[in-house]
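Take them in any order you like.

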Amino acid sequence: MDIPALQRRLRQFAADRDWQPYQTPKNLAMAMTVEAAELLEIFQWLTPEQSLSLDEDQRRHLGEELSDVLLYLVQIADHGGVDLEAAVERKLAMNAIKHPPKQS
């Protein structure tokens, strides 16, 4: 996935609809939280086993909600001036130090 290209598409999408005044990191984070709750709703009453074996309609719905969360996340990074790829790499490196592999 080309994140900068996606960010450009999302900026244009918002501009075409005059949404720029609403595209603040605060508003986008709130919207992402709402979408994350919708993602959680898919699994709300499922057992752990059921959550691992979604049917086709559930997987389609899961993909839609995951996409909503991702799109808001990408926009938050864009409007917040965060290089998301660099931030992810930095966080993975930090996690590797914080949580080293088990020694056998």
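1. A definition to begin with: the expected span of a helix is 1.5 Å times one less than its number of residues. Helices themselves are DSSP runs (H or I, at least four residues), numbered from the N terminus. Helix H4 covers residues 56-80, and because its 25 residues should span 36 Å at 1.5 Å a residue, the 36 Å between its end C-alpha atoms agrees.

2. Some housekeeping. This is a predicted model, in which local features need pLDDT of at least 70 and side-chain atom pairs count only at pLDDT 80 or more, while totals for chains, interfaces and linings use all residues. Residues are numbered from 1 along each chain as its sequence is written, and side-chain values use heavy atoms, with hydrogens and water left out.

3. Now the two ends of H4. At its start, a side-chain oxygen of Asp-55 comes to within 3.1 Å of the backbone nitrogen of Asp-57. After H4 comes Gly-81, which has a positive phi, near 70°.

4. Which residues of H4 are buried? They are Leu-62, Glu-65, Val-69, Val-74, Gln-75, Ile-76 and Ala-77, where buried means under 20% relative accessible area, exposed over 50%, and partly exposed in between (1.4 Å probe, protein chains only). These buried residues pack against H1, H2 and helix H5 (84-98).

5. Have a look at Val-82, in the loop between H4 and H5. Val-82 counts as partly exposed because its relative accessibility is 40%. Leaving out residues up to four places away in sequence, Val-82 touches Ala-77 and Ala-87; contact means heavy atoms within 4.5 Å.

6. Gln-23 sits in another loop, between helix H1 (3-16) and helix H2 (25-43). With a relative accessible area of 11%, Gln-23 is buried. Beyond its neighbours within four places in sequence, Gln-23 is in contact with Ala-14, Leu-28, Gln-75 and His-79.

7. A search of the whole structure turns up one cavity of 30 Å³ or more; a cavity is a set of points on a 1 Å grid over the protein atoms alone where a 1.4 Å probe fits but cannot get out, and lining residues have an atom within 4 Å of a point. The largest cavity holds about 30 Å³ of space, the volume being the space filled by probe spheres set on the points. Gln-23 and Gln-75 are among its lining residues, and H1 gives the most to that lining, with four residues.

Methods. A polar contact is a pair of N or O atoms within 3.5 Å; within protein, one must be able to donate a hydrogen and the other to accept it, and residues adjacent in sequence count only if both atoms are side-chain atoms. On a 1 Å grid over the protein atoms alone, a cavity is a set of points where a 1.4 Å probe fits but cannot get out, and a pocket is an open set with protein on both sides within 12 Å along at least five of seven lines; lining residues have an atom within 4 Å of a point.
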